[in-house]
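Please read these notes with the model open beside you.

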Amino acid sequence: MYYSPDFPGYRMRRLRRFKIVQEARLKKDDFVYPLFIDENIKKRKEIASMPGQYRYPLGEVVEEVLSLREVGIRSVILFGIPSKKDDIGCESYNKNGVIQRAIKNIKKEIDDVIVIGDVCLCEYTSHGHCGILDEKNRVDNDKTLEVIGKIVESYADSGIDVVAPSGMMDGTVGFVRRRLDAKGYTDVAIMAYSAKYNSGFYGPFRDAADSGFKFGDRSTYQMDYRNSDEAMREIYLDIKEGADIVMVKPALSYLDIIYRAKNEFNFPLAAYNVSGEYAMTKLSSSVLDQDRVMEEILLSIKRAGADIIISYHAKDFIKKFL
Ligand code: PBG
């Protein structure tokens, strides 16, 4: 007899369609939605490499956040495309910069959406690297931290809820925490891009945020995807330095890292389902059932242990499944 009542799956056949026996479940509040805000445009513009994703002009941001709230998305992470770039990324901490204005506009109209500000220089520097370069074109960690300090202060002055330093400079989290506290922003939280790998899956983002680099790569400051112990050390340090949420990025090739981080630290954990992962599903519609793979992907991230999922799929997923 192959079909045996002793087999543990036997009674599940009957129960499977009921939610009570589903282990991992996604809910609306699990998601953070990324928004690209472009100072150079007047009307939203689709991002070629990411079908269904747009760059928004400042004038459409509040409307878009309201429409996200309508479907139940209560957190957004903002990325800015400034009108001017230079060697040291001055626009990033301009108090009237694109992100600073976006934060103020959202906060003036909407008080029940968490606004997270990605803090990085790559969208603001002419060379596209995530920091200030020295004479040998290497990223100068500590000079970069000084600029990061100015960015977080300008975001906090604008009313940000959470800052998310994504440049992978050493000591960022402690530095940012001290700077915020010194300025009286003790209630601004930090989401740390703790285990951010040097990944090919960021390709479409660099097109979306206009942050591609002119030379070199990011392998000196982003993590080697051969390493998993190192990711645990990065996360450990960020927690010790004062992170409120730690992150693993990308998500899909790093489900083991998510699983391990959740088990080792039991700390609020975000996973970033990045641009290339989104593009892979979107651009394969002739061979894959889009909705099915979207659900399977997002669920796998949740099942691995992520508490928070940053995903370009969030709006579609919620509309179709929740
Ligand atoms: C900025 C940053 C990147 C992403 C988020 N913040 C790109 C990079 O490190 O090159 C990637 C997000 C995505 O691919 O969706 N440092």
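1. The buried residues of H2 are covered by elements that include strand S1 (31-38), strand S3 (54-56), strand S4 (75-81), helix H3 (98-109) and H11. Helices (H or I, at least four residues) and strands (E, at least two) are DSSP runs, numbered from the N terminus. Helix H2 spans residues 61-71, and its buried residues are Val61, Val62, Glu64, Val65, Leu68 and Val71. Buried means under 20% relative accessible area, exposed over 50%, and partly exposed in between (1.4 Å probe, protein chains only). After H2 comes Gly72, with a positive phi near 105°.

2. A word on the source. This is a predicted model, in which local features need pLDDT of at least 70 and side-chain atom pairs count only at pLDDT 80 or more, while totals for chains, interfaces and linings use all residues. Residues are numbered from 1 along each chain as its sequence is written, and side-chain values use heavy atoms, with hydrogens and water left out.

3. Helix H7 (residues 229-241) has 13 residues and reaches 19 Å from its first C-alpha to its last, close to the 18 Å expected at 1.5 Å a residue. The expected span is 1.5 Å times one less than the number of residues. Just after H7, Gly242 has a positive phi of about 115°.

4. Which residues of H7 are buried? They are Ala231, Met232, Glu234, Ile235 and Asp238. These residues lie on the same side of H7, because they cover an arc of only 160° around the axis; the arc is that of the directions from the helix axis to the C-beta atoms. The face turned away from this buried side carries the exposed residues Arg233 and Lys240. Cover for the buried residues of H7 includes helix H5 (172-182), strand S7 (189-196), strand S8 (245-249) and helix H8 (255-265).

5. Val246 sits in strand S8 and is buried, with a relative accessible area of 2%. Leaving out residues up to four places away in sequence, Val246 touches Ala192, Ser194, Ile235, Asp238, Ile239, Phe267, Pro268, Leu269 and Ala270. Contact means heavy atoms within 4.5 Å.

6. The axes of helix H10 (residues 290-304) and helix H11 (residues 314-321) come within 11 Å and cross at roughly 105°. Therefore H10 is roughly perpendicular to H11. Axes are lines fitted to C-alpha atoms, for helices over the stretch in contact, and angles run from 0 to 180 degrees between N-to-C directions. Angles under 35 degrees count as roughly parallel, over 145 as roughly antiparallel, 65 to 115 as roughly perpendicular and the rest as oblique.
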